[in-house]
Amino acid sequence: MVTGASGGLGAGVVESLRRAGMDVVGVDLRPDDSTTVSLDVTDSGAVEEFFDNVESRAPIDVLVNCHGVLQDLTDVADTPDAELSRVMTVNFVGAFHTCRAAASRMRERRWGRIVNVASQAGRAPWPGTAVYGASKGAVIALTQGLAAELGPAGVTVNAVCPGVMLTSMTEGAFLSAGGTREEAARLLQAKAESLPVRRLGTAEDVGSMVAYLVSPGASFVTGTTQNLTGGEQYF
Ligand SMILES: NC(=O)c1ccc[n+]([C@@H]2O[C@H](COP(=O)([O-])OP(=O)(O)OC[C@H]3O[C@@H](n4cnc5c(N)ncnc54)[C@H](O)[C@@H]3O)[C@@H](O)[C@H]2O)c1
């Protein structure tokens with residue numbers, strides 16, 4: 001199960017897992033094709049119903065949380081309650097709902113893989129992204145806590161922290177920062193050139209990392225946060 005399957009990175013994860021031979025069910029608030037199912041992860045009842053429904057046919061052995069929203073790029077001092085609530089609810093509470101639904105079922109079956117797509121901002125937010133960063137920091141803590149709880153049951157739980165990946169979310173953020181398309185393109189180019197690998201990340205980069213983390217060979221890898229930043233260092 002992959003959430004945010006219609007998104008730039010989610011679509012890459014779905015493709016990568018299908019290539020690895022898995023049967024994938026993608027879900028999204030706004031499904032963009034016939035294979036993606038409509039699900040709002042902020043609705044805990046709908047999430048439980050979805051798990052029951054799918055699992056009446058086949059177990060969900062792998063959960064990848066790849067849904068998310070970026071915040072309006074504003075300083076904490078200027079952030080209204082509604083924006084705080086929107087970002088925390090989608091990014092953290094939504095991931096909590098799917099993790100909880102998966103955890104109870106995987107624990108019982110004594111096998112499972114959970115990957116939560118967090119963000120570099122979850123560990124090192126830059127100005128204007130403290131709320132988004134806090135929501136992703138909460139996802140990282142959830143990941144670590146779950147890994148400790150579920151390790152004895154053979155379930156691994158890891159977080160992936162992408163840096164700047166080329167998707168519409170990133171283009172929107174750079175447009176907001178740059179003001180014009182030309183300036184946004186210039187900023188993106190400068191960002192790419194500042195990285196050791198001299199390019200921005202892609203959906204395939206995330207898909208490859210997730211495919212490894214959910215593979216049988218990664219059974220000793222749990223409770224980790226994997227940086228996916230093209231070599232940019234942060235703590
Ligand atoms: N693009 C980047 O540079 C970048 C960097 C770090 C982390 N991330 C994270 O990676 C994930 C995917 O990002 P993306 O770039 O593909 O963004 P995106 O906007 O292309 O995709 C996000 C998807 O999540 C879906 N979604 C939003 N709210 C939902 C809800 N309530 N229920 C179900 N689905 C919902 C959206 O409809 C969208 O299809 C997000 O968690 C994002 O925070 C992205």
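A salt bridge is a side-chain nitrogen of Lys or Arg within 4 Å of a carboxyl oxygen of Asp or Glu. The exercises below apply this to a predicted model.

**Exercise 1.** Decide which parts of the structure are tied together by the salt bridge between Arg 105 and Asp 52.

*Solution.* Begin with the distance: the side chains of Arg 105 and Asp 52 come to 2.8 Å, N to O, which is a salt bridge. Finally, consider accessibility: Arg 105 is buried at 13% relative accessible area, whereas Asp 52, at 47%, is partly exposed.

**Exercise 2.** Find the network of salt bridges to which Glu 55 and Arg 109 belong.

*Solution.* The side chains of Glu 55 and Arg 109 meet in a salt bridge at 3.0 Å, N to O. Since Glu 55 lies in helix H2 and Arg 109 in helix H3, this pair ties together parts that are 54 residues apart in sequence. The network links Glu 48, Asp 52, Glu 55, Asp 61, Arg 105 and Arg 109.

**Exercise 3.** Work out whether Asn 116 is buried or exposed, and what its side chain contacts.

*Solution.* Locate Asn 116 in strand S5, which covers residues 112-117. Its relative accessible area is 0%, and because buried means under 20%, Asn 116 is buried. The side chain of Asn 116 makes a polar contact of 3.0 Å with the side chain of Thr 143. Beyond four places in sequence, Asn 116 is in contact with several residues, including Asn 65, Cys 99 and Val 157.

Definitions and conventions. Residues are numbered from 1 along each chain as its sequence is written. This is a predicted model: local features need pLDDT of at least 70, side-chain atom pairs count only at pLDDT 80 or more; totals for chains, interfaces and linings use all residues. Side-chain values use heavy atoms; hydrogens and water are left out. Helices (H or I, at least four residues) and strands (E, at least two) are DSSP runs, numbered from the N terminus. Buried means under 20% relative accessible area, exposed over 50%, partly exposed in between (1.4 Å probe, protein chains only). A polar contact is a pair of N or O atoms within 3.5 Å; within protein, one must be able to donate a hydrogen and the other to accept it, and residues adjacent in sequence count only if both atoms are side-chain atoms. Contact means heavy atoms within 4.5 Å.
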